[in-house]
Amino acid sequence: MESRSIDAEPSPFLSLTSAFSYGVASMAMVFINKAVLMQYSSSMTLLTVQQLATALLIHFGRVMGYTRARGINMASAKRLFLVSLFYNANVAFALASLKGVNIPMYIAIKRLTPLAVLIAGFFSGKGRPSTQVSLSVILTAAGVIIAALGDFSFDLFGYSMALTSVLFQTMYLVLVEKSGAEDGHSSVEIMFYNSFLSLPFLLFLIIATGEFPNSLSLLVAKSNSLSFLVILILSLVMGIALNYTMFLCTIVNSALTTTIVGVLKGLGPRPLVLSYWVE
């Protein structure tokens, strides 16, 4: 699916498929990023490489005719700038939080996002969801608070990074739903603008934080290991899949649906989640 009219009603199959695909990609990405960061701690450089790979793939795909995504338009770039800024802030803080928070608690904290989207929708004048949905979101948030109180490995830095990530995720998803979808951009086009606009910001960050150039030489050296190279390539592929399914789910459904799927996907691979408690 390359584009959709605002007035067009998506089919139930498309809505369900986009939501399910996002849930699978999101869950897989948490574990793959954790695996990469255990061997390579330069999270901002990793994010930069992921965004560069996404922009190049879509560009060459458009040139070779594999996608109908439109070329760069300055008006569209200006409208989607904040989406890109908030998106990268979310991912950067999420990657940083994984250094201090274990995966189960990271997933739990991210379950606060539906509540944040619900509040943002209320203040932006969006229609109020049903009472059942609102109560479910509030109860989930209460469960996160209880879980945090019982976390004996509490890390203030990790929790702060994760909560900040929740804030930025809320902001960019609401913008994607409100501006990206209303302007008729497809998920592929939003992905391209997001990646393209992110590169200057990310390059500045990796230089300002001192990651570059040591992080780049370390990445090249680490890539000599076949196991690390496989994980890195998986991270790039899944990063592209995650962005596509996330934007598609938000455009086809809503920002609240996307965040609720993010909550539900945490209930899936329970044995894998529990295995990280042991470490």
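Where is the place of Ala19? I looked it up and found Ala19 in helix 1, residues 12-39. Helices here are DSSP runs of H or I with at least four residues, numbered from the N terminus.

**Entry 1: the model**

I noted that this is a predicted model, in which local features need pLDDT of at least 70, side-chain atom pairs count only at pLDDT 80 or more, and totals for chains, interfaces and linings use all residues. Residues are numbered from 1 along each chain as its sequence is written, and side-chain values use heavy atoms, with hydrogens and water left out.

I looked up the pLDDT, the predictor's confidence in each residue from 0 to 100. The mean for the protein is 79, and 85% of its residues reach 70 or more. Over residues 1-7 the pLDDT is below 50, and this stretch has 19 contacts in the model beyond near neighbours in sequence. A contact means heavy atoms within 4.5 Å. Residues 269-279 also have pLDDT below 50, with 13 contacts beyond near neighbours in sequence.

**Entry 2: Ala19**

I checked the relative accessible area of Ala19, which is 13%, so Ala19 is buried. Buried means under 20% relative accessible area, exposed means over 50%, and partly exposed lies in between, with a 1.4 Å probe and protein chains only. Not counting residues up to four places away in sequence, Ala19 touches Cys249, Asn253 and Val261. Ala19 and Asn253 are 234 residues apart along the chain, yet their C-alpha atoms are separated by 8.0 Å.

**Entry 3: helix 12**

Seven of the 10 residues of helix 12 are buried, so the helix is mostly covered.

**Entry 4: helix 6**

Which residues of helix 6 are buried? In this helix, residues 113-123, I listed Thr113, Pro114, Val117, Leu118 and Gly121. They lie on the same side of helix 6 because they cover an arc of only 140° around the axis, taken from the directions from the helix axis to the C-beta atoms. An α-helix has 3.6 residues a turn, so residues three or four places apart point the same way. On the face turned away from the buried side I found the exposed residues Phe122 and Phe123.

**Entry 5: helix 6 against helix 12**

I looked up the axes of helix 6 and helix 12 (residues 255-264), which come within 8 Å and cross at roughly 165°. Axes are lines fitted to C-alpha atoms, for helices over the stretch in contact, and angles run from 0 to 180 degrees between N-to-C directions. The two helices are therefore roughly antiparallel, a term for angles over 145 degrees. Thr113, Pro114, Val117 and Leu118 in helix 6 meet Ala255, Leu256, Thr259, Ile260 and Val263 in helix 12.

Note on methods:
Angles under 35 degrees count as roughly parallel, over 145 as roughly antiparallel, 65 to 115 as roughly perpendicular and the rest as oblique.
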